[in-house]
Amino acid sequence: MRTYQTRATDRVAALGRHHISRLAFLLAGLLIAVSAASLLFVGFVASETSDRQTVQSEKQLLRNVLAHRLDLLSQEQLSLARSDHTVASLVHSFDVQYVRQSVSAQWANYGHNRTVVITGDRIIRAESFDDYTHLTSAPLESGTAIEDLFRQVQTLYMANRVRVPGGFGHRSLQSLDTDDFAVAGYTVLDNRVAMISAVPVMPDGRTTLPDGPAAVIVSAMFLDGGMLRDLNGDLTSDNAVVAELNGALAYEELKFARSMPDLPTTPALEIRGLDGTLLGAFQWQSRTQTSSIWPTVVPVIFVLSVALAILAFGIAWRIGRLNASLQLSEAQNRYLALHDSLSGLANRLQFNRALETALKSGADTPFTILQCDLDKFKAVNDTYGHAAGDEVIKAVAQRFTAAIGEKGLVARLGGDEFAVLIYAKLPRTTLRDLAVLMIRSIKEPIALEGGNTAHIGLSIGIASFPGDGKDPEALMAAADRALYASKEAGRGRAAFASDTATADAGSAEPSNTTFGIESDAA
């Protein structure tokens, strides 16, 4: 009997041990499953967040590149539109040879697919089709995209024209943004979507325009072929914009389609016409479609089956990496928003913020503004091309930074216009020496690719707070006035705003208001 009971007890005990073992395995399996499911969920959420952030960053970068291309298209037109020769040969008379050569140059120099020259009385006098220029005398058709551009440009021109002796001129473009005098956007030409820009014909200073509407030059570049290759190059090459992202974004096979993509996961950026009509969308293969966090997460889940401690470490490590990636992307976006993409200097937004901060500090902390403008910079672009102009801007930025050092903030406000905010209160003699040092530095030859050398100069206007103004507008106006006096005195010089104000009031000789390299020893 005892043997039977012992055996029965042993069987019950064995069943209990098997039950506990199965329960332990079940709980262990359940714990591993819950942990693995938790990691899968965290990985899914992190992947979705990372993918959305990446696509948004790619879209914003593409928007920036397209905006830069539109602005560049308008700026390229100025080589023909802002010219006394063009005014004389198109507005005052019609020089067939000049018009033909100039319009052809827009294609040869910049690759514009279409250029149209329209007189103020709405007559199309010349059209280019790639490398062919057709002279005509056809009236501008109403209701077309070009006619809409023509009307919008006339509105801007009438707002910016100024009366001068003998007729009319145009406000200085240095004080205007591109969209203040040009109209740019997207439209459909010959059943192809194109990037298009229109600018009025403006004198360069020596001639005048008659009363009435302005002649207009329209240029277009189709969003296919060469334009797409250029955009792909801008987005993937080691240029100034993408270099700031340290390779964080990767565009592949950027395309333009007249319709939105069928797949909702395909990244796309809508392009709308000047009237708001949807014209199509840019599409590309995003980095989110070519890489994934799953190859990293799956091995971690496998390791979790062996040791739950490794799983916890893997989750923390992966979340840390994702968070660092998002923070890096945000920091890079903030950097791009406050810096000039070509020179690496502070842009107008950062300069204005620094100026407002300095003003809020009050009269106890005086500061100085140096308004700087390059001399003969346009000649570099005209002679060697815009690539050489970009080299000059970069060299000037380096020289400015070396001259100013920790004494202030150097900013590029646009084109060949720079500004320096000196934080500390410096004596007049020190500011004078600093201005002379900057002028001498910029005057040094700048080596260009191809063995060429650029020679430019620098004019400076100096205004100090609070003596020359107590708000941003007054200070910038004073600095501009001093800069104008420097240029009037022969360029390559500098002037204090207080001196130019005194000279204007008749209390000093104008010749004593500026100084340059020759006065360095004074």
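Two strands are taken to pair if DSSP finds at least two bridges between them, and strands (E, at least two residues) and helices (H or I, at least four) are DSSP runs numbered from the N terminus. The structure is a predicted model in which local features need pLDDT of at least 70 and side-chain atom pairs count only at pLDDT 80 or more, whereas totals for chains, interfaces and linings use all residues. Residues are numbered from 1 along each chain as its sequence is written, and side-chain values use heavy atoms, with hydrogens and water left out.

An open sheet is formed by 6 strands in the order E3-E2-E1-E8-E7-E6, with antiparallel pairing. Its edge strands, each of which pairs on one side only, are E3 (132–139) and E6 (183–189). Within this sheet, E7 (residues 192–200) and E8 (residues 216–222) run antiparallel and are joined by 7 bridges, and Ala198 stands opposite Val218 in E8.

With E18, by contrast, E17 pairs in the parallel sense over 3 bridges, and Gly461 stands opposite Ala495 in E18. The chain crosses from E17 through helix H15 (residues 472–488) to E18 in a β-α-β crossover that is left-handed; a right-handed crossover would be one in which, with the strands pointing away from the viewer, the path from the first strand over the helix to the second runs clockwise. Because 8 of its 9 residues are buried, E17 is largely enclosed by the rest of the structure, where buried means under 20% relative accessible area, exposed over 50% and partly exposed in between (1.4 Å probe, protein chains only).

In helix H12 (residues 377–384), the buried residues are Phe377, Val380 and Asn381. These residues cover an arc of only 95° around the axis, which puts them on the same side of H12, the arc being that of the directions from the helix axis to the C-beta atoms. On the other side of H12, Asp382 and Thr383 are exposed. The buried residues of H12 pack against E12 (367–375), H13 (386–404) and E16 (453–454), contact meaning heavy atoms within 4.5 Å.
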